[in-house]
Amino acid sequence: MTGIVHLVGSGPGDPELLTIKARRLIDEADVVLHDKLPGPEILSTIPEGKREDVGKRAGGERTSQEYTNDRLVELAQEGNEVVRLKGGDPFVFGRGGEEMSHLAANGVDFDVVPGISSAFAGPELAGIPTTHRDHASCVSFVTGHEDPTKDESAVDWGALAATGGTIVVLMGVGKLPDYTAALREAGMDSQTPVALVERASRPEQRVVTGTLSTITEVAAEAEIEPPAITVIGGVVGERETLATRS
């Protein structure tokens with residue numbers, strides 16, 4: 001009998017931010033294939049004997065997406081109940097869509113369990129609302145780590161600068177100098193507030209702030225590392241009062 005694959009979002013890393021359904025499926029699973037982003041607090045709650053690490057790290061050791069796709073099919077065809085545990089939400093700049101397509105093409109049953117994305121949880125936990133009637137009526141979520149095989153970026157930084165809203169960049173630590181420069185060149189005020197939130201929701205969460213012209217230097221001095229999100233816009237100024245109450 002063929003098993004099933006659950007594509008599960010683990011949220012930003014705090015075990016208490018797992019959904020009830022995610023927790024139940026993790027506990028019931030025969031095998032959990034996870035990436036690095038769920039974090040040690042969540043991964044340590046899963047018996048080592050049923051965990052398989054298929055994570056990736058920029059510039060470091062990684063498991064190919066092709067292997068992960070095929071492993072999910074293999075495990076399900078052996079009759080296992082499989083959880084594919086991904087950081088945040090499976091479909092917000094993850095590769096859940098590719099995995100879902102591969103499962104469907106191979107006749108494997110699957111379902112989806114959404115997770116709390118760091119795209120909005122990260123700013124909130126740092127005392128930064130992504131929208132605010134005094135600062136921003138729209139928010140744009142952008143990946144800072146596109147497919148390296150692309151000839152050019154698909155992100156129109158000029159168009160984003162023109163919205164006047166909040167810009168949240170996921171996986172954007174490495175490219176921080178590039179997109180902050182692109183936004184300035186597109187006409188965004190160099191004094192626009194910017195924050196980086198590292199390891200949001202985890203015990204070691206850190207936040208640094210600056211402006212569009214200073215944040216690269218600030219982040220380098222603080223040695224900010226992935227996983228971290230970048231928040232750009234007037235809403236960052238709210239942190240001065242709101243973070244003290246979090």
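Me: Happy to start with the sheet of order S3-S2-S4-S1-S5: what makes these 5 strands a sheet, and is the pairing parallel or antiparallel?

Reply: The 5 strands lie in the order S3-S2-S4-S1-S5 in an open sheet, and the pairing is parallel. Strand S3 (51-53) and strand S5 (109-113) are the edges, each pairing on one side only. Neighbouring strands in this sheet are turned against each other by 20 degrees on average, direction ignored. Strands pair if DSSP finds at least two bridges between them. Strands themselves are DSSP runs of E of at least two residues, while helices are runs of H or I of at least four, all numbered from the N terminus. Before we go on, this is a predicted model, where local features need pLDDT of at least 70, side-chain atom pairs count only at pLDDT 80 or more, and totals for chains, interfaces and linings use all residues. Residues are numbered from 1 along each chain as its sequence is written, and side-chain values use heavy atoms, with hydrogens and water left out.

Me: How do you know that S2 pairs with S3?

Reply: Strand S2 (residues 31-34) is joined to S3 by 3 bridges, and the two run parallel; the requirement is at least two, so S2 and S3 count as paired. One of the contacts to look for is leucine 33, whose bridge partner in S3 is glutamate 52. S2 is also joined to S4 by 4 bridges, again parallel, and histidine 34 stands opposite leucine 85 in S4.

Me: Which way do the residues of S2 point, and are they buried or exposed?

Reply: Val31 and Leu33 point one way, Val32 and His34 the other, and all are buried. Buried means under 20% relative accessible area, exposed over 50%, and partly exposed in between, with a 1.4 Å probe and protein chains only. In a regular strand the side chains alternate between the two faces of the sheet.

Me: Why is phenylalanine 93 called partly exposed?

Reply: Phenylalanine 93 has 32% relative accessibility, so it counts as partly exposed. Its place is in the loop between S4 and H4.

Me: What makes Val92, Phe93, Phe120, Phe141 and Met171 a patch?

Reply: These five residues form a nonpolar patch on the surface, with about 380 Å² of accessible area together. Patch members need over 30% relative accessible area and no salt bridge; nonpolar side chains (Val, Leu, Ile, Met, Phe, Trp, Tyr) are joined within 5 Å, like charges within 9 Å. A salt bridge is a side-chain nitrogen of Lys or Arg within 4 Å of a carboxyl oxygen of Asp or Glu, and areas come from the Shrake-Rupley method with a 1.4 Å probe, only the protein chains shown counting as cover for residues.

Me: Why is the pairing in the sheet S6-S7-S10-S8-S9 called mixed, and what can you show me there?

Reply: The 5 strands S6-S7-S10-S8-S9 form an open sheet with mixed pairing. Its edge strands are S6 (139-143) and S9 (206-211). One of its pairs, S8 with S10, runs antiparallel and has 5 bridges, with alanine 195 opposite valine 231 in S10.

Me: Which strands does H7 lie across, and at what angle to S10?

Reply: H7 lies across S7, S8 and S10, running at about 10 degrees to S10. Angles run from 0 to 180 degrees between N-to-C directions, with axes fitted to C-alpha atoms, for helices over the stretch in contact.

Conventions. Contact means heavy atoms within 4.5 Å.
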